[in-house]
Amino acid sequence: MLGRRLRWEQALASVADCQKNALQGALLTYTRAISAFDKSHRWQHALACLEDLRVRVVRADTILYNSVISACGKSGNWQVGLSLLEALQKEALEADVISHNAIISSCERSNQWTVALELFEHLHEVKLQASLISYSAAVSACQKSGQWQAALSLFFDASRDQLQLDVVFYSSAISACADSTGSAWPMALAIFRSARRQSLGNVVLFSAAISACESGSQWRLALDVFEEQQSSGVEGDLITYCALMSCSEKGGQWQMCFNVMDEIRAQGLPESLVAYNVLLTAAVRSHFWPNSLAVLEALLDVPCLSADVVTYSAAIAGCGAGSQWQKALRLLEQSLATLAPNAVVYSAAISSCEDASQWQHALRLLDDYEREQDANSADLVMYNAAISACAESAHWLHALSLLTRYEDHSAAAPVNARTGNAAMRACGLARRWEQSLALWEQMEMRAETDVIMLSMAVQACVVGVRFPELLTKLGQLSGQAYWHLLEQQSSGKTG
């Protein structure tokens, strides 16, 4: 750091000498100074040098412009870089690949993927050959903005141009596909295999491939990639192991998550909140609530880590799944000692009351949250959980009251099929068939119905002897809904 500071301070002194002596033809001096500013991320000084050079009527060259553009780009000032590119062209200088690469890289840092692609296309328009740096920066810009289709297209273009692709480029392309909604994981693995055929492989490449498997919930393939990494002698890092844990959790392999956590500790890797949170989510899948508490206690014993919203919501969900609603409420109180009241944590606590049919506690938590926060600040998830808690105890009046309360005061998302399901179930269990059918009609008008609600509406028509409406609903009833209705009747869930 001291060396860099001395370089840019010396550069300032050189420019000052140049100005003092009114030297003409000082292009070399300015170029060296701007290069020093570029390396020291002093883009304002580099820009000032260029402006001073113009005042002295000394014609800058493309190399000097590129240094200034690079200095601006490293600080994310892509707009300044674009204006310099235009100025360069106005001075009848030819912008080269380096000029474009510097701005594309700046756009990548600033998540300006559309501008990055426009500049990339401009290379072809001015008959310049895109380099691997051009492709890598453009792909990375697309990856950071979630534009995996554009990144994939660039990958194919680079392959067609017969560039010598490196591991960084492959990793960016794989990560772009991994960051999709899960549909592009086969392409990510195909790119990974292409890299491996060229004997490319480092921890970033393998981690990206495992993350791609995670996006597609392909835990077996993720394990294959991890084993290949180990056999290749490439040591995994924390990112690798966390990606493997997350993929295992999404695949329902909670035991594997615990095994991977043991491996993280055995490797002496740093403690990670991400890893603990994934492990907590896996513990919920184990349907053994002591696992959740054990993971939480282990996390709280790590001095460098602090439990967050994800931590407590997962631990509370674990207790709720085990009908340990009292422990869930204690964890909520514990979270409030370090965290502000949070909708996610409260929703988990209310859901734990729902699972245990503790509707009074669910309503109290909802009231507590809205009292602590702005009035009527609870979201639909919290209301759905509270309505469901009332439904489990057949408290239909409370369920309908909550539904009305949410619609009257909340400016958030409109009620959805889950809301309707819970409210109709409350009415059905209380044998309030008229109210149940009225709810169905309201939800049907909003196009927020599903198979479960239709089945309950059919049941309401049968019990309420509403034969004309029954015929209409039977016409809507699909095979899937019909079997759901039979299951309800056989289990006695329709009341």
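Cys49 is buried, at a relative accessible area of 4%. Cys390 is likewise buried, at 0%. Buried here means under 20% relative accessible area, with exposed over 50% and partly exposed in between (1.4 Å probe, protein chains only). The structure holds zero disulfides, a disulfide being a pair of cysteine sulfur atoms within 2.5 Å.

The model is predicted: local features need pLDDT of at least 70, side-chain atom pairs count only at pLDDT 80 or more, and totals for chains, interfaces and linings use all residues. Residues are numbered from 1 along each chain as its sequence is written, and side-chain values use heavy atoms, with hydrogens and water left out.

The chain contains 28 helices and zero strands. Both are DSSP runs numbered from the N terminus (helices: H or I, at least four residues; strands: E, at least two). Of the 495 residues, 48% are buried. The chain exposes about 23300 Å², of which carbon and sulfur atoms supply 53%; areas come from the Shrake-Rupley method with a 1.4 Å probe. Contacts require heavy atoms within 4.5 Å. Among those between residues at least 6 apart in sequence, 65% join residues at least 24 apart.

Residues 61-95 are 74% helix and 0% strand, with end C-alpha atoms 10 Å apart. For residues 96-130, the model gives 74% helix, 0% strand and an end C-alpha separation of 10 Å.

Ten aromatic pairs were found in a search of the whole structure. Rings of Phe, Tyr and Trp (its six-membered ring) pair if their centres lie within 6.5 Å; planes under 30 degrees apart count as stacked, over 60 as edge-to-face and the rest as tilted. Phe155 and Phe169 form a stacked pair, at 6.0 Å centre to centre and 15° between the planes. Phe155 lies in helix H9 (residues 148-160) and Phe169 in helix H10 (residues 167-178), 14 residues apart. Both Phe155 and Phe169 are buried.

In helix H19 (residues 325-335), the buried residues are Trp325, Ala328, Leu329, Leu331, Leu332 and Ser335. Viewed down the axis of H19, they fall within an arc of 155°, so they line one face of the helix. The arc is taken over directions from the helix axis to the C-beta atoms. The buried residues of H19 pack against helices H17 (289-300), H18 (309-321), H20 (343-355) and H21 (359-372).
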